[in-house]
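Dear colleague,

Please find below the structure that I am handing over to you, with its sequence.

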Amino acid sequence: MSLEMEFSCPRCGEDRDFWRVAAMTLHLGEKTKWRCNECDYGLTRINGDRADPVEA
């Protein structure tokens with residue numbers, strides 16, 4: 001998996017680069033935490049679910 005992805009940042013209001021800061025394998029799948037490169041906004045994804053990330 002890549003260490004960087006482009007995602008729409010709700011705090012910045014536009015697409016930004018997010019950096020992967022942590023990853024862990026759970027019984028639900030892989031949990032990854034991402035941070036916006038510009039404003040440090042964090043989100044968490046499980047199994048790469050891009051449609052509905054959870055704020056970190």
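This is a predicted model: local features need pLDDT of at least 70, side-chain atom pairs count only at pLDDT 80 or more; totals for chains, interfaces and linings use all residues.

Residues are numbered from 1 along each chain as its sequence is written, and side-chain values use heavy atoms, with hydrogens and water left out.

Strands and pairing

The chain contains five strands and zero helices, in the order β-β-β-β-β along the sequence. Both kinds of element are DSSP runs numbered from the N terminus (helices H or I, at least four residues; strands E, at least two). Strands are taken as paired if DSSP finds at least two bridges between them.

Strand β2 (residues 14-26) runs antiparallel to strand β3 (residues 29-36), with eight bridges between them. The hairpin of β3 and β4 has five residues between the strands, and aspartate 40 adopts a positive phi near 70° in it.

Salt bridge

How many salt bridges does a search of the whole structure find? There is one, where the term requires a side-chain nitrogen of Lys or Arg within 4 Å of a carboxyl oxygen of Asp or Glu. It joins the side chains of arginine 16 and glutamate 14, at 3.7 Å from N to O. Arginine 16 is partly exposed at 23% relative accessibility, and glutamate 14 is also partly exposed, at 41%. The classes are buried under 20% relative accessible area, exposed over 50% and partly exposed in between (1.4 Å probe, protein chains only).

Core and surface

The largest nonpolar core comprises eight residues: Met5, Phe7, Cys9, Phe18, Trp34, Cys36, Tyr41 and Leu43. Two or more of these residues come from each of β1 (4-9) and β3, and β1 gives the largest share, three residues. Such a core is a set of buried Ala, Val, Leu, Ile, Met, Phe, Trp, Tyr and Cys residues joined through side-chain atoms within 4.5 Å.

Of the 56 residues in the chain, 23% count as buried. The chain exposes about 3800 Å², of which carbon and sulfur atoms supply 45%; the areas come from the Shrake-Rupley method with a 1.4 Å probe.

With kind regards
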